[in-house]
Each structure stands twice: as structure tokens, then as C-alpha cells.
Amino acid sequence: MSISESPIIIKAKKLGNEVDIIVKQLIKAANDNHEQVQLSITKALSDISKNYPEMVVTTMLAFITKNADKVELIHRIQILKILIKVLEQVREKLSKKVAEQVIEFLTMEMISSKEVNAKWQQPAMECLTLL
């Protein structure tokens, strides 16, 4: 199995308002070439996650799993790095079900390639240790 194949699909928890759209667009833009933009996106998603932790976390994972064959590795890494920041703040607010989905996703991230790629697998490991 390669990283472009995702054996699990995670459904994003939606609020049914503009916040859903904003979060999805921030995740899409997380791979911007400018470091300042990346930092702003990380801060914005971290801030939104304080009020909507499960929506932000599940939207991030849903973005990767639903677009697995289209998400470039560097974009995937950036999303995982943002997930670290989010989980540092909101891990206690996640339901058991969402926490289990996150653990399953991260485990698959770590074992889905025969090749070791620390840049990609390290953030997944860090997220796991946070949970």
C-alpha cells in the first residue's frame, strides 16, 4: 500500500455554516510556499479548533483520506504538522469515537509505506503520542 491509497475514509463533522467552508479552504491552502502564510493558516485552524475541535480534526483527516491520490506528500506533511498543534490544544475535547478515528488514521499513515520517510511519519508519530 502506498500513501496515495487510503484504506479508511473519515467523514468530516460539519457545522452547516461558513466555518465548514473556511476550514476546508484553509486546509487546501496549507501547502502555500510562503512560511508566513503557513504560520497564519496554522494559527487560524488552531484558533477555530478551540471552539470546534472535532470539526477541525475530522475535516483535516477527511481532506487527506478523500483526496489521498491528489494530496502531495509535502501538503500531507503540512496538514499533519498543523494537526500536532491542534491536538496539543484540544485532545481532551475529542470524543472517544473521534480519538479512535484519529488513532486509526495516524497508524495507517505510519505503516502505509514500506519505505521510511521521517519527514512524513514523524508528524504522524507525534500526533499519536499526543493522544
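Tutor: We begin with a term: a residue is called buried when its relative accessible area is under 20%, exposed when that area is over 50%, and partly exposed in between. Please note that this is a predicted model.

Student: Is Glu54 buried or exposed?

Tutor: Glu54 has a relative accessible area of 14%, so Glu54 is buried.

Student: Which side chain meets that of Glu54 in a salt bridge?

Tutor: Side chains of opposite charge can pair when their charged atoms come close. Here the partner of Glu54 is Lys13, with an N to O distance of 3.2 Å. Because Glu54 lies in helix H3 (residues 53–66) and Lys13 in the segment before H1, the pair ties together parts that are 41 residues apart in sequence. Lys13 counts as partly exposed, at 37% relative accessibility.

Student: How many salt bridges does the structure hold?

Tutor: The structure holds six salt bridges. Two of them involve Asp47: one with Lys43 at 2.8 Å, N to O, and another with Lys50, where the closest N and O atoms are 3.7 Å apart.

Student: How many residues separate Asp47 from Lys43 in helix H2?

Tutor: An α-helix has 3.6 residues a turn, so residues three or four places apart point the same way. In helix H2 (residues 35–51), Asp47 and Lys43 are four residues apart, and therefore separated by about one helical turn. Asp47 and Lys50 are three residues apart in helix H2, again about one helical turn. Salt bridges that share partners join Lys43, Asp47 and Lys50 into one network. As to accessibility, Lys43 is exposed at 53%, whereas Asp47 is partly exposed at 33% and Lys50 is partly exposed at 41%.

Student: Which residues form a positive surface patch?

Tutor: The patch is formed by Lys11, Lys14, Lys24, Lys28 and Lys66. One of these, Lys14, is found in the segment before helix H1 (18–28) and is exposed, with a relative accessible area of 65%.

Student: What span does helix H4 reach, and which of its residues are buried?

Tutor: Helix H4 (residues 73–90) has 18 residues and reaches 25 Å from its first C-alpha to its last, close to the expected 26 Å. Its buried residues include His75, Arg76, Ile77, Leu80, Leu83 and Val90.

Student: Where is Gln101 placed?

Tutor: Gln101 belongs to helix H5 (residues 96–111) and is partly exposed at 22% relative accessibility. The C-alpha atoms of Gln101 and Ile8 are separated by 9.1 Å, although the two residues are 93 residues apart along the chain.

Methods. Residues numbered from 1 in each chain as written. Predicted model: local features only at pLDDT ≥ 70, side-chain atom pairs only at ≥ 80, totals over all residues. Heavy atoms only, no water. Helix = DSSP H or I, 4+ residues; strand = E, 2+ residues; numbered from the N terminus. Expected span 1.5 Å × (residues − 1). Buried < 20%, exposed > 50% of the residue type's maximum accessible area, 1.4 Å probe, protein only. Patch = residues over 30% accessible without salt bridge, like charges linked within 9 Å, V, L, I, M, F, W, Y side chains within 5 Å. Areas by Shrake-Rupley, 256 points an atom, 1.4 Å probe, with all protein chains shown as cover. Salt bridge = Lys/Arg side-chain N within 4 Å of Asp/Glu carboxyl O. Lys, Arg positive; Asp, Glu negative; His and termini not counted. Charge placed at Lys NZ, Arg CZ, Asp CG, Glu CD.
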